Amino acid sequence: MNPRLVATVWVLVTLDCALIGYRLAMGRTARLDKRRYHQIASARGALLGQAPLAAVTALGVLVVVRGGEEVATEFNSAMSRFIAAGGAYAGLILVASAMCSLRSVRVRTVASVVIFGPLTLLRPAVVILTVAFAVGRHPTPGLALVGLTVVIPGVCLEMVLDRRIARRLVLHADGHTH
Amino acid sequence: MFVEPRPGGQAVWQRLWVPPPGLIEITDLLFERNPDGTRAPVRRASVVQHCVEHGDRWAAGIVAEMPSTDGWLDPEYVDRLMVAVHCEIQRLSEEFRHGARMAELLVPLLATLGRCGQPPPYRVVDVGCGTGYVVRWLSDWCTTPDVEFVGVDLNPALVDAARNLAARDGVRCRFEVADAFSLTEPATVLISTGVMHHFRGPDLDRFFAAHERSGAAAFVHLDFQASRLAPIGSWLFHHTRMRLAVTRHDGIRSAQRAHGTDVLSESATNNAKRFETMISRPSVRFTPLPCVLTVLIGTLSGLGQPLLEELGTAARRFNPLR
Ligand SMILES: C[S@@+](CC[C@H](N)C(=O)[O-])C[C@H]1O[C@@H](n2cnc3c(N)ncnc32)[C@H](O)[C@@H]1O
């Protein structure tokens, strides 16, 4: 497996985990200055993502080691496609983030409402399509298995955590529930 | 343990495309006052019945699952729910930059007052302030002692939360319990965000009639813009951003309940007669795209034209004075 590809995928997934942490923290505090709160939440998301990421990578390495040269090539192409599709999504997020740093109230509103909103809604579909595109039409069982281990937590983890938060929101509500 | 009730009864497309005949918001139904101002207990079955009578089975399903004791809604739960809902709603205010939008309008407005013979100090009162996001934001942004920011709301639980948040934020502002229909808080400028659509029919007239009786020199109200796209945009926003069933329900209904610009203009002109009013254009300039927010501004007669001059290019966003 190409280590540069592995590192790039790792960075992309870690960024996504940081954004999950950020989203899970949103709407739970009514304080004005939330910068530190959001920084900590993003860091926590990125950190929490490391264990499953390491597990999936270990599984990938195991499959490649057992499958030999051909499987390694298949994995490298899959990672390249994952980076292309995931990178495009990340690019959009970066553009919207850059727009949010501008002074214009209207540009910032458009960025968060028109770009971040739909992207958040579409994220589960983006994860499924990106992984499907990466593994291709006729993947070997090993690659399909690794694909599944990316898709399932990638789609479900945020939903499960979000539901848990929703259940506890009212229980402790005082305007700055953490 | 309290469990956040899940909506039931109506599919998403029905919630959006077939609004119930009587448009209601759940948060309006959970808090009631006796004539002497004290809190009145609320019977859960009556609220459910009210939702059913207004054709809103989605709301009825949400309320039916709220905790109650002997059939009365648990007041502690209702208070915490209200604070949690407003904490979520703040995301909307943050993303639409309600604080900065209000500041953009207040600067030329206060400058106009100063130019036209009303010198500082000024008191800006946010009516229906909820947990006070806009007031806290403005107090953080404008620290001059010449301008005092006050938030008023009918719900004491929200006023308490707003006070606590202001203390934690370290901002200088005040929050009081007060009724929008009988304003007791002296004000130079009355402002509000996301409140006008709560007042339906005669209540909207009563809201502006209270402006007429107040000593205010101007008002600035921001609310959703009524359009066919608004409920879809609101569904998208609330589905991706909000967790509580009540917030999601009320968010969509708010967009469906938004008043048209004619309704707002007419009610303001007829009931707040001391004021000249101007309302923002319903669509983005040079496009058919509807604006998300409506801005209604009123100034004492004679101040409208100077304000338009003070607004500069931003004046183009408004329809002519009435
Ligand atoms: C949708 S919330 C808007 C809160 C806040 N302005 C915001 O933008 O987040 C409407 C608020 O109006 C308040 N309200 C409703 N009727 C009122 C009345 N008659 N007098 C004062 N406040 C009222 C409610 O308690 C609630 O906090």
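These legends go with close-up views of a predicted model.

**View 1. The ligand and the chain B residues around it.** Count 18 residues around the ligand, with Gly128(B), Asp153(B), Asp179(B), Ala180(B) and Thr193(B) coming nearest. Sorted by class, that shell holds 9 nonpolar, 7 polar and 2 charged residues.

**View 2. Polar atoms facing the ligand.** Look for the side chain of Asp153(B), where a polar atom sits 2.6 Å from a ligand oxygen. Gly128(B) uses its backbone instead: an N or O atom there is 2.8 Å from a nitrogen of the ligand. At Ala180(B), a polar backbone atom also lies 2.8 Å from a ligand nitrogen. On its own the ligand would expose 590 Å², and the protein buries 88% of that.

**View 3. Where chain B meets chain A.** Here 38 residues of chain B touch 35 of chain A. The two chains bury about 3300 Å² between them, with 62% of it on carbon and sulfur atoms. On the chain B side, Arg97(B), Arg168(B) and Arg243(B) lose the most area to chain A, together 22% of what that side buries.

**View 4. Salt bridges and helices at the interface.** The rule picks out 4 salt bridges between chain B and chain A. One to zoom in on pairs Lys34(A) with Glu94(B), at 2.3 Å from N to O. H4(B) gives the most to the side of chain B that touches chain A, namely 11 residues.

Note on methods
Residues are numbered from 1 along each chain as its sequence is written. Chains are lettered from A and ligands numbered from 1 in the order in which they are written. This is a predicted model: local features need pLDDT of at least 70, side-chain atom pairs count only at pLDDT 80 or more; totals for chains, interfaces and linings use all residues. Side-chain values use heavy atoms; hydrogens and water are left out. A residue is near a molecule or strand if one of its heavy atoms lies within 4 Å of it. A polar contact is a pair of N or O atoms within 3.5 Å; within protein, one must be able to donate a hydrogen and the other to accept it, and residues adjacent in sequence count only if both atoms are side-chain atoms. Accessible areas come from the Shrake-Rupley method with a 1.4 Å probe; for residues, only the protein chains shown count as cover. Ala, Val, Leu, Ile, Met, Phe, Trp, Tyr, Cys and Pro count as nonpolar, Asp, Glu, Lys and Arg as charged, and the others, Gly among them, as polar. Contact means heavy atoms within 4.5 Å. Buried area is the accessible area (1.4 Å probe) that two parts lose on being put together, summed over both. A salt bridge is a side-chain nitrogen of Lys or Arg within 4 Å of a carboxyl oxygen of Asp or Glu. Helices (H or I, at least four residues) and strands (E, at least two) are DSSP runs, numbered from the N terminus.
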